[in-house]
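Welcome! Have a look at the sequence and the structure below, and then let us walk through some of the main features together.

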Amino acid sequence: AARIIQNMDPTADPCKDFYQYACGGWLSRHVIPETSSRYSIFDILRDELEIILKGVLETSDQGDREAFQKAKILYKSCMNENLIEQRDSLPLLEALRMVGDWPVASADWNKTKEPSWSMEEKLSIMNSRFNKRVLIDMFVWNDDRDSSRHIIYIDQPSLGMPSRDYYFNGGNYQRVREAYLQFMITIAKMIREDKNVSRDDSFVQEEMAKVMELETEIAN
């Protein structure tokens, strides 16, 4: 109750400006940080929780249960910037190898990879190993008809960009779309270089344009 009263402005007339009456205290004591588009009690709690989690994750993992040890290992791996820089693109190249490589980043994918490539197998690997759903989203959740059991759901996945508006609308959407395509082209060129594949900018641009066309058809 004290917090609610503190966040109010009882001097304001609720019949004239109810928002000021209900939230005036909060507005007078808080400024939206430049790094945020919003600021509420939930954002403050999130920031406080992150500080607590940082302290917990940086403590010794001796005697921890397995789940806590894994969380600390993940945190340390993300903080080890020297090793990240040293490994460079190797983790990404290994991930690509597991899913059957990438045609645009290969000199002869159609001959060496395509004959044994199985979409069903690769989709399952991306789901199970990388938690990435492509073309089809599959997950286990409570059965809407019987809450005592879980069932497999099959649904449409998310798109490469936030919503289908980005694939069709003009203005800022079009600028994002163009930047998205250029980003794909840049990544493809980078991987080709790391794999010592000959430079072929026109081929990369044609292939990424096909990817963009496919994503657009899916969005539609």
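A residue is called buried when its relative accessible area is under 20%. Y167 has a relative accessible area of 4%, so Y167 counts as buried. Keep in mind as you read that this is a predicted model. The chain is divided into three parts: domain 1 (1-79), domain 2 (90-116 + 159-219) and domain 3 (118-158).

**The domains**
- Domain 2 is written as two stretches, 90-116 and 159-219, while domain 3 covers 118-158.
- The centres of domain 1 and domain 2, taken over C-alpha atoms, are separated by 38 Å.

- Strand β1 (residues 137-143) and β2 run antiparallel and are joined by 7 bridges.
- Together β1 and β2 form a hairpin, with 2 residues between them.
- Which residue in β2 is the bridge partner of V140? The partner is I152.
- Another pair to look for is N142, which stands opposite H150 in β2.
- Does strand β2 (residues 146-155) lie largely in the open or largely buried? The number buried is 1 of its 10 residues, so β2 lies largely in the open.

**The surroundings of Y167**
- Y167 lies in helix α9 (residues 165-168).
- Leaving aside neighbours within four places in sequence, Y167 is in contact with L159, G160, M161, R177, Y180, M212, E215, T216 and A219.
- Y167 and E213 are 46 residues apart along the chain, and their C-alpha atoms are separated by 9.5 Å.

**The loop between α6 and α7**
- S106 has its place in the loop between α6 (90-98) and α7 (109-112).
- With a relative accessible area of 11%, S106 is buried.
- Apart from its neighbours within four places in sequence, S106 is in contact with R192 and V197.
- D101 is found in the loop between α6 and α7 too.
- D101 has a relative accessible area of 17%, so this residue is buried.
- Setting aside neighbours within four places in sequence, D101 is in contact with L96, W109, K113 and K195.
- How many residues apart in sequence are D101 and E114? They are 13 residues apart in sequence and 9.6 Å apart in space, C-alpha to C-alpha.

**Positive phi angles**
- Phi of D101 is near 70°, a positive value in a residue other than glycine.
- L135 is not a glycine either, and L135 has a positive phi of about 70°.
- Is L135 buried or partly exposed? At 43% relative accessibility, L135 counts as partly exposed.

Conventions: Residues numbered from 1 in each chain as written. Predicted model: local features only at pLDDT ≥ 70, side-chain atom pairs only at ≥ 80, totals over all residues. Heavy atoms only, no water. Domains from an automatic or database assignment. Buried < 20%, exposed > 50% of the residue type's maximum accessible area, 1.4 Å probe, protein only. Helix = DSSP H or I, 4+ residues; strand = E, 2+ residues; numbered from the N terminus. Pairing = 2+ DSSP bridges. Contact = heavy atoms within 4.5 Å.
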